[in-house]
Amino acid sequence: MIDALDYIVKKYELNLNQKLPIEISDLSSEEFAQLLSEIGYKVGVEVGVLGGKYSKILCDANPHLRLFGIDPWESYPEFRTAGLQSDYDYWYEVAKKTVPS
C-alpha cells in the first residue's frame, strides 16, 4: 500500500501547514470512493447505510473492497428522526439488493 497522506497531499497539492481543518475542495463522493481505491484500501466500514447507495459506489470504485455496512435498520425512540419500522424494513431489503454480500 502507498503512503496515503503523501499521495493525497501530492495529488491535491495540499499545504499541511495551513490552519486546520484542511479540506479538499469540490471532491465528490464518487471521487472520494475512487481515491480510496487508488490508495489501495481493501477493507472498510460504512456507518449509516440505509439503502446502500454509497455502499454500491464504494464497491463499484473498488471491486476488491471488503465493506462492512453498519445500520440498525430499526426504529427506536431515542433516534431523532425515528420512523415506522416498516420503513426501515424496506430500506434493509433495498440495501441487500443494492449491494449483495
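A pocket is defined on a 1 Å grid over the protein atoms alone, as an open set of points where a 1.4 Å probe fits, with protein on both sides within 12 Å along at least five of seven lines; its lining residues have an atom within 4 Å of a point. Its volume is the space filled by probe spheres set on the points, which are joined across faces, edges and corners.

This is a predicted model, in which local features need pLDDT of at least 70 and side-chain atom pairs count only at pLDDT 80 or more, while totals for chains, interfaces and linings use all residues. Residues are numbered from 1 along each chain as its sequence is written, and side-chain values use heavy atoms, with hydrogens and water left out.

**The largest pocket**

Select Leu-67, Gly-69, Ala-95, Val-99 and Ser-101, which are the closest to the centre of the largest pocket among its 14 lining residues. The space here is about 300 Å³. Next, colour α3 (53–61), β2 (66–70) and α4 (85–98), the elements that each give two or more residues to the lining. Helices (H or I, at least four residues) and strands (E, at least two) are DSSP runs, numbered from the N terminus.

**Helices α2 and α3**

On α2, select Ser-29, Glu-30, Phe-32, Ala-33, Gln-34, Leu-36 and Ser-37; on α3, select Tyr-54, Ile-57, Leu-58 and Ala-61, which complete the contact. Contact means heavy atoms within 4.5 Å.

**Helices α1 and α2**

Now show α1 (residues 4–11) against α2 (residues 29–39), where the axes are 10 Å apart and the packing angle is about 130 degrees. That makes α1 oblique to α2. Ala-4, Tyr-7, Ile-8 and Lys-11 of α1 meet Leu-35, Glu-38 and Ile-39 of α2.

Glu-13 has a positive phi of about 50 degrees, although it is not a glycine. At Pro-21, inspect the bond to Leu-20: this peptide bond is cis, with omega about 0 degrees. Most residues other than glycine have a negative phi, and most peptide bonds are trans.

Key
Axes fitted to C-alpha atoms, helices over the stretch in contact; angles between N-to-C directions. Parallel < 35°, antiparallel > 145°, perpendicular 65-115°, else oblique.
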